[in-house]
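User: Could you please take me through this structure step by step? I would like to begin with how the chains meet.
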4 protein chains.
Amino acid sequence: LYPSLRGYIDAVFCAPELETLAECDVVFFATPNGTAMLLAEQLLARGVKVIDLSADFRLQNVQDWEHWYGMTHTCPDLIREAVYGLPEVNRDAIKNARLLACPGCYPTAVQLGFLPLIENGLADIQHLIADVKSGVSGAGRKAELATLMSETGESFKAYAVSGHRHLPEIAQGLSLVAGKSVGLTFVPHLTPMIRGIHATLYAQSEASLNELQALYEQRYQNEAFVDVLPQNSHPDTRNVRGSNNCQISLHQPQGGKTIVVLSVIDNLVKGAAGQAVQNMNLMFGLQEELGLKIVALYP
Amino acid sequence: LYPSLRGYIDAVFCAPELETLAECDVVFFATPNGTAMLLAEQLLARGVKVIDLSADFRLQNVQDWEHWYGMTHTCPDLIREAVYGLPEVNRDAIKNARLLACPGCYPTAVQLGFLPLIENGLADIQHLIADVKSGVSGAGRKAELATLMSETGESFKAYAVSGHRHLPEIAQGLSLVAGKSVGLTFVPHLTPMIRGIHATLYAQSEASLNELQALYEQRYQNEAFVDVLPQNSHPDTRNVRGSNNCQISLHQPQGGKTIVVLSVIDNLVKGAAGQAVQNMNLMFGLQEELGLKIVALYP
Amino acid sequence: LYPSLRGYIDAVFCAPELETLAECDVVFFATPNGTAMLLAEQLLARGVKVIDLSADFRLQNVQDWEHWYGMTHTCPDLIREAVYGLPEVNRDAIKNARLLACPGCYPTAVQLGFLPLIENGLADIQHLIADVKSGVSGAGRKAELATLMSETGESFKAYAVSGHRHLPEIAQGLSLVAGKSVGLTFVPHLTPMIRGIHATLYAQSEASLNELQALYEQRYQNEAFVDVLPQNSHPDTRNVRGSNNCQISLHQPQGGKTIVVLSVIDNLVKGAAGQAVQNMNLMFGLQEELGLKIVALYP
Amino acid sequence: LYPSLRGYIDAVFCAPELETLAECDVVFFATPNGTAMLLAEQLLARGVKVIDLSADFRLQNVQDWEHWYGMTHTCPDLIREAVYGLPEVNRDAIKNARLLACPGCYPTAVQLGFLPLIENGLADIQHLIADVKSGVSGAGRKAELATLMSETGESFKAYAVSGHRHLPEIAQGLSLVAGKSVGLTFVPHLTPMIRGIHATLYAQSEASLNELQALYEQRYQNEAFVDVLPQNSHPDTRNVRGSNNCQISLHQPQGGKTIVVLSVIDNLVKGAAGQAVQNMNLMFGLQEELGLKIVALYP
């Protein structure tokens, strides 16, 4: 199935049965939504830690979850225990988590870009805009017309403008930080490439660009995977392709009150598998960067 | 040079000398900025109409032009005479124009998307945001590192966030319509495809989506090249690839006050050569759609 | 379904029932293999001409067809009547056809490239090689993992090297021209683009390049859709993107006995819909180029 | 210059002066052709080993080199000493080399694919065909019209069919192995992706596929970077993207005498920088795989 792994790995697929899984230290769920919640309780009861890359435990409000995901949650009690796995926000809680909900790809890029502004009360949180562009691998490996190369190549479009499942997740994260509910317009787009997310974020702020640049650099100076670029930078998504990094840059066009934050990640790494490993490292007391100091493939 | 034209055209290139050009009814300048202004005056004096696809006559304010384009304008007096060639706004003036300034690609997509909102005073014009994505052909056919396939393929980036030459052009157009100066944040991006512009526009408005949908449909109902899609639509840039069309759709996420307008064109057609022909048709009393009823190449 | 056609066409889809179809002058089948054969007989009996873009009537040998397409043919008697729709070979027969089998995309590019060599007995027909590269739209608009952008973008591969359905079709066509069975190695490849086929053909020949160049130019001089390029040319597939043209060039590396023919088409036009219309024009006594003098979209 | 390396490397560029370079153990030349030959002699005299990724020392015949590269060689005497750095052929010589000529990208893919056939006298060496497809990064990072995304995206073409600089290099390598001059037709193509080479090789052989499969597996069983796939495989270039691997598969269409070998590499790794490091490891007595056990980025 993965011919690129020939010679590196000789693991074989096996059926995901409880008894087999129960022998593991940790189980990663990279499964369709609604799958992890069926097994999580039993695994936790057997002492197995659970890292869920799907959306089952991302939203604290069950009604919201059921509304956006269109199914009944089978273990709502576990939601309260689940820790949202954005290490740059929740590192301590992650270290003690048994059940971890990995953030979605869009939410990772958007939250990392907005965080310092909102933590410091420097933005009008009622008028946040996130215009975000994703490569097509964000849709997963499913046989669908919409993600055929003939449909997505050489074309660009927005989708789900009236409401995307990642909207409540981002709003929840930012509201927790702000201490009150934020007003967010989130517009996702599909761009004709495989990997990468580019978030272009707009906020109204009274702060100067120099202040904000200093603030962002300070906020992330000890973060291994978040890199604030010098002023006047424009990160390409390829800067982080294949790596667990997020690159961020700040702009204040025409010296006005609209701050523009650019935030890029690889949706399959910092936006998915890489962040899951980062969380595992924290949960097991390992060095946070273990296995993740991978340089982007460039070009 | 253009092997796709073998068998269709047997025209040959010739040196662009005044005497030769003076025999034409109209001269199109698809030249680097600063070229058309050197010949325009003489051609007009010889009774030749001039259609400039470069930026030489787009900005009414000479100081602005010289600031953004970094050179001295050689015929500032002609600027006043030049007509800005956006037929959906200036049709009557275009019909009588001798010297026509074709709009840039970004300005075409952005202005068509914002126009009905602003003409009707339905948006907070101090907080307009245009997040726009362009295919790489927008940079022209120049040998440059930045637009190599190895540099732009499989990657996405913003550029010129602190200020792009199309910003004053868009602001000029919208301000004329609004009757006062608008506040616009314009962020251009490069997307890994050849043709196409996708503008995602944000405005604060008290109007309802239904009102706005009706307004847009009415505003453009007699326009041959602007198509307002039904509610809940998301235009792909490929819908207009190779055609002179602009497709527009409207959204009001979560029923809030932020209106999202999606506007797509082919930057090489409605954003350049197609619009130039549309203007020529108007200037010479021809049918406006002549030579332009081309269906997009899809997929 | 085709947003690019908004404003151009107001036709609606209807169920393909016999009574409805029987009122037409001609029915095009752009259907999965095995569909046209179910309706063709009845339509012909009602006086309707049939143009099949699928493979149902391409192979004269029923056993071969059933072997390669894995089903039983429901009207083998009609196969003998069907005319193979390559106008450059079968123009007269096409004019009188009631039932027309449109060639596949690979077979069109390969046969047009080899024809003059083989018609004139100038190649060793036991050792022909066709190394052919196709854009992903050749696979049709089906929801399949293999043609997702994440699977086919930024990658190149051969497929079906041990045997592809177009092999017997090409061999049949070339053998008919040669007057005896040819030996052909055909290797198809998938290239990361949407439209276009590039055939690189290898044949052993005693003829000189100048002779062959003259021969090819003469052979195709009256063909509206086949263009033999000057010596030392290398046709890009984009030269014919969106057009019904085939561009061909000839090379004789190092003056040796291996002739290399390059032949490009748009698989969706000359390789499918365009050629079907060309055939219709011939069948109904219309001008052959009607509706087909479309310039390629470049770039 | 390489924003992907921020945080990983703090090396700075410096002028390539002899005194500075002379303090190194080894100097890699990733320079335009004609550069390494100007400094190599002096560096060797100072005890510095030289690994040249350009073509200066690849061809043993100086006249050939001067013909294909269009300049006079400044140190023809060194050519004899230079070792051709294809470890799978020259491992022992490489271990003792002072001056190493790294193979070109096309020659690496083609030679590895043909080697076992030719070493064992199992092919008609007068009629070898190499139909090879490369991503655009093969052209290097130069500002040129021909490799702009608008020129190479969504299109496929052959180039240099009448003669490419890598032809004499491949022919030299295969002739050395065969013990006599080979007859090779080499056709390079440009495919619209960034990285990757796919060689489709054709040879006439009396051997059976099973024999050849066994032979290839045995020939490469101890090679860390050459992987012979099971029968009926078709390697994608993405299987090796970013890695130093070469994947090879064998086919014998219709059980005939034409053997088809598929060979893929990443032109920037096994076809350039990766192979250079592999050679350095051998020259310095290090473990051959050091720094090179990188898994491909997939997808």
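User: How many salt bridges are there between chain B and chain D?
Analyst: This is a predicted model. Between chain B and chain D there are 2 salt bridges. In one of them, the side chain of Arg141(D) meets that of Glu151(B), at 3.0 Å from N to O.

User: And which kinds of residue does chain B use on the side that touches chain D?
Analyst: That side of chain B divides into 8 nonpolar, 5 polar and 5 charged residues.

User: How many residue pairs are in polar contact there?
Analyst: Between chain B and chain D, 4 residue pairs are in polar contact, with both residues at pLDDT 80 or more.

User: What area is buried between these two chains?
Analyst: About 1,500 Å² is buried between chain B and chain D, and carbon and sulfur atoms give 68% of that area. The contact involves 18 residues from chain B and 18 residues from chain D. The size of an interface is often given as the accessible area lost when the parts come together.

User: Let us turn to chain A. What area does chain B bury with it?
Analyst: Chain B and chain A bury about 3,700 Å² between them, with 53% of it on carbon and sulfur atoms. Which residues of chain B matter for that figure can also be stated: Glu154(B), Phe156(B) and Val161(B) supply 17% of the area that chain B buries against chain A, more than any other three residues. The contact takes 46 residues from each partner, chain B and chain A.

User: How many salt bridges does that interface have?
Analyst: There are 4 salt bridges across the interface of chain B and chain A. One salt bridge joins the side chains of Asp131(A) and Lys133(B), at 3.1 Å from N to O.

User: Which elements of chain B give two or more residues to the side that touches chain A?
Analyst: They are S5, helix H7 (149-152), S6, strand S7 (184-190), S8 and S11 of chain B. By class, this side of chain B has 19 nonpolar, 18 polar and 9 charged residues.

User: Several of those are strands. In what order do the strands of the sheet in chain B lie?
Analyst: The open sheet of 7 strands in chain B has the order S6-S7-S5-S8-S11-S10-S9, and its pairing is mixed. Strand S6 (157-158) and strand S9 (226-228) of chain B stand at the edges; each has a single partner strand, so one side of each is left without a neighbour in the sheet.

User: How many bridges join S5 to S8 in chain B?
Analyst: Strand S5 (residues 128-134) and strand S8 (residues 197-204) of chain B are joined by 6 bridges and run antiparallel. For example, Ala130(B) has Leu201(B) in S8(B) as its bridge partner.

User: Which helix lies across S9, S10 and S11 of chain B?
Analyst: Helix H9 (residues 209-219) of chain B does, running at about 165 degrees to S10(B).

User: One last topic: the backbone. Which peptide bond in chain B is an example of cis?
Analyst: The peptide bond from Tyr298(B) to Pro299(B) is cis, with omega near 0 degrees. Pro299(B) is found in the segment after helix H10 (269-283) of chain B. In chain D, the bond from Tyr298(D) to Pro299(D) is also cis.

User: And what is phi of Gln254(A)?
Analyst: Phi of Gln254(A) is near 55 degrees, a positive value in a residue other than glycine. Gln254(A) lies in the loop between strand S10 (246-251) and strand S11 (258-265) of chain A. Most residues other than glycine have a negative phi, and most peptide bonds are trans.

Terms used. Residues numbered from 1 in each chain as written. Chains lettered and ligands numbered in written order. Predicted model: local features only at pLDDT ≥ 70, side-chain atom pairs only at ≥ 80, totals over all residues. Heavy atoms only, no water. Contact = heavy atoms within 4.5 Å. Buried area = accessible area lost by both parts, 1.4 Å probe. Polar contact = N/O pair within 3.5 Å; in protein donor to acceptor, adjacent residues only side chain to side chain. Nonpolar A, V, L, I, M, F, W, Y, C, P; charged D, E, K, R; others polar. Pairing = 2+ DSSP bridges. Helix = DSSP H or I, 4+ residues; strand = E, 2+ residues; numbered from the N terminus. Axes fitted to C-alpha atoms, helices over the stretch in contact; angles between N-to-C directions.
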